[in-house]
Amino acid sequence: MYKIETKRKLAPTINLFTFSAEEVAAKAKPGQFVIIRLDEDGERIPLTIANVDKEQGTISVACHEVGKTTAQLGSLKEGDAIPNLLGPLGKPAAIEKFGTVLCVGGGVMAAPIHFKAKALREAGNYVIGVVGAATKDHLVFLEEMSKTCNELYIATDDGSEGYKGIDFLKDLITKKKIDRVVAEGPVLMLKAVADTTHPLKIPTVVDLIPTMIDGMGMCGACRVGVGGKMLFACVDGLEFDGHQVDFDELLARLKTYTLQEKVAKVFWEEGEKTI
Amino acid sequence: MSAPKPGLRKEAVPMPKQTPQERKANFKEVAIGYTEESALSEAQRCLQCKEAPCSKGCPVEMCIPEFIKLIKEHKFSDAAMKIREKNSLPAVCGRVCPQEEQCQARCTVGRIGDPISIGRLERFAADWERQHGSVIPEKAAPTGKKVAIVGAGPAGLTVAADLVKLGHEVSVFEALHKPGGVLTYGIPEFRLPKKIVEAEAEYIGKLGVTLRTDALIGRLYTVEELLHNFNAVFIGSGAGLPTFLGIPGENLCRVYSANEFLIRVNLMKSYDFPKAGTPIYVGEKVAVIGGGNVAMDSARCAVRLGAKEVKIVYRRSKEEMPARAEEIENAEEEGVSFEFLTSPLRLLGNERRTVKSIECVRMRLTEPDKSGRRRPVPIEGSNFLMDVDSVILAIGRTPNPIIKQTTDDLVTADWGGIIVDETGKTSLNAVYAGGDIVTGEATVISAMGAGRKAARAIHEFLSEK
């Protein structure tokens, strides 16, 4: 069992969980993920690692309640434990001295991008951070990011805080000499970032988290088209060359179970009511 | 060799089964199993040949006449114990072994009638033991030697059981959340109920093996790190990677690798959605590409998930199908149809990138080449479209590369399999391997046979030290 040591509310439906998982913590690096399962009937879901404390033997993940399993995780409290936590999975992110690195984190993924930004800063990079979200209320990890990054920019879809949308990125990357862009967040945001950096040929890596089951290369559900090749996000990623990714295919594949996901959530909520 | 006696009953006691009509709508086991009465009656037919030709056909060298004799004598628990001396997964083997090609193929009675139903009797003894309580055999004195096993599939569990009985301290590292490997994620509930796999793993736990789940070797610990804490390592990580065809359209929605499809259904119990959290979608028309047991399993799962029309698309003819005859027959009985000599060229989707049809071409077989094999070649102009709601690609599995990528100096073949010597030893000292990771996709029992051999070699190696 993996105990929830701390649970911190980051936004109305976003929590940061710290799990006791000593062996995983000893190995986990920025860019890697874990797969968790909450009970005997539970599905396996991937969550990107947002922090590691080797001394405490803990790993942190941020979770946005969207479907059944994320909502169920959101209902757990400090001191509760989950039966399954597998990791670290995936390849560690490329952390080296690139020069100036732009780290873009959208929504809940601002938490794991912070883990990468920290490592990139420690590797001697000048780190420019961008935190984005749908609205002001959904912005997370602003404090951490402002401490870690040399500069920080904020953007929201509705303009309730910072820039409206991410069009400002075009100006930013034209004005500053950026050597690398690292982005984590919703697929549409990743696509927009990659489209923005493409004309300037700025190397851009994006983290892809398609539907996964085992997370170790067995099912192939997470296959993505990258530069015309079929790759598995769980073992070849999560980082991919943003200018080569077939985002439209990924967006379509992510919608495969939209209906079932709604059914599962309603079924779970009804079950919770009867308890 | 014993001569068949006159008056011997030529017909085997039949296995009671759910009718095709019944079983199409449930995931319960198809074959119901022998009663005590039918087991006794079938055991009576065994001639107790001294030479035991049947045992020679068994990859784990079970003492077959001896356990059948114990059944005959009504000593069911002893029969199970006798089987367990050589076979750590009897309830599994009694169900999924291709006995018709192994023990039963050599049965003396088989020369004049049906061979003795060894598999059914094995299953009966194992099931009887599970229902009536198992006896844990005595172990050898502790040797103080520690062994790590990578993967809790048929090979790994066999090595674990064999070595723990010899007094070694054994830890099994399983990456998934349940032990069993392909027995758990691959073989469907209706052929091998998961509670049986769990019980077999539990028994191995009772023998004193430490079984860990959620531990992916290569990521959590490397093989090299395991060697710091263990005297030997056995790698039985299986052939878990799906193969794709390399044709256009494979990334369309509702195109599954058989691995994904079966993992959803078997490991994650999608058939119980939404109670089980993992969804699945088959729709009305399903095409399964491939002709092996995995294709049959996938097709039969699709039938049970409510598909109206399930087609197996295979590029050769029925004679070349690698699936067991029994499984093909079961699939046919359940309404699965076959498109032989047919090969897919591309998958076509709609505006939502969901698969809608397959462009296929008819094939013909060439005259046998030097190796005697008839190659399928396309018949020009025979292209046609097959409407589908989902597609399952069951065209083989290859080894998982994580261990290879994370273990320096481990010698592997071009196709990814680990290369071992005749004892199961790899290029690394104290590291052994067996099962599908060495041979490529094969049977449960051959993996167990490899495990048994490696266990012997590991024991010798540890005894020398």
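## Strand S3 of chain A

In strand S7 (residues 84-89) of chain A, Asn84(A) is the bridge partner of Arg37(A). Helices (H or I, at least four residues) and strands (E, at least two) are DSSP runs numbered from the N terminus, and two strands pair if DSSP finds at least two bridges between them. This is a predicted model, in which local features need pLDDT of at least 70, side-chain atom pairs count only at pLDDT 80 or more, and totals for chains, interfaces and linings use all residues. Residues are numbered from 1 along each chain as its sequence is written, chains are lettered from A and ligands numbered from 1 in the order in which they are written, and side-chain values use heavy atoms, with hydrogens and water left out.

Strand S3 (residues 33-37) of chain A runs antiparallel to S7(A), joined by 4 bridges. S3(A) also pairs with strand S4 (residues 45-53) of chain A, again in the antiparallel sense over 4 bridges; here Ile35(A) stands opposite Pro46(A). In a regular strand the side chains alternate between the two faces of the sheet. Accordingly, Phe33(A), Ile35(A) and Arg37(A) point one way from S3(A), and Val34(A) and Ile36(A) the other way. In S3(A), 5 of 5 residues are buried (under 20% relative accessible area; exposed is over 50% and partly exposed in between, with a 1.4 Å probe and protein chains only).

## Aromatic pairs

Over all chains, the whole structure holds 13 aromatic pairs. Rings of Phe, Tyr and Trp (its six-membered ring) pair if their centres lie within 6.5 Å; planes under 30 degrees apart count as stacked, over 60 as edge-to-face and the rest as tilted. One of the pairs is edge-to-face: Phe232(A) and Phe244(B), at 6.2 Å centre to centre with 80° between the planes. This pair crosses between chains, from strand S15 (residues 229-232) of chain A to the loop between strands S5 (241-242) and S6 (255-257) of chain B. Both Phe232(A) and Phe244(B) are buried.

Phe27(B) and Tyr271(B) form a stacked pair, at 4.3 Å centre to centre and 15° between the planes. Because Phe27(B) lies in the loop between helices H1 (20-23) and H2 (36-44) of chain B, and Tyr271(B) in the loop between helix H12 (258-267) and strand S7 (285-289) of chain B, the pair ties together parts 244 residues apart in sequence. Phe27(B) counts as buried at 10% relative accessibility, whereas Tyr271(B) is partly exposed at 27%.

## Helix H13 of chain B

Helix H13 (residues 293-304) of chain B is largely enclosed by the rest of the structure, because 11 of its 12 residues are buried.
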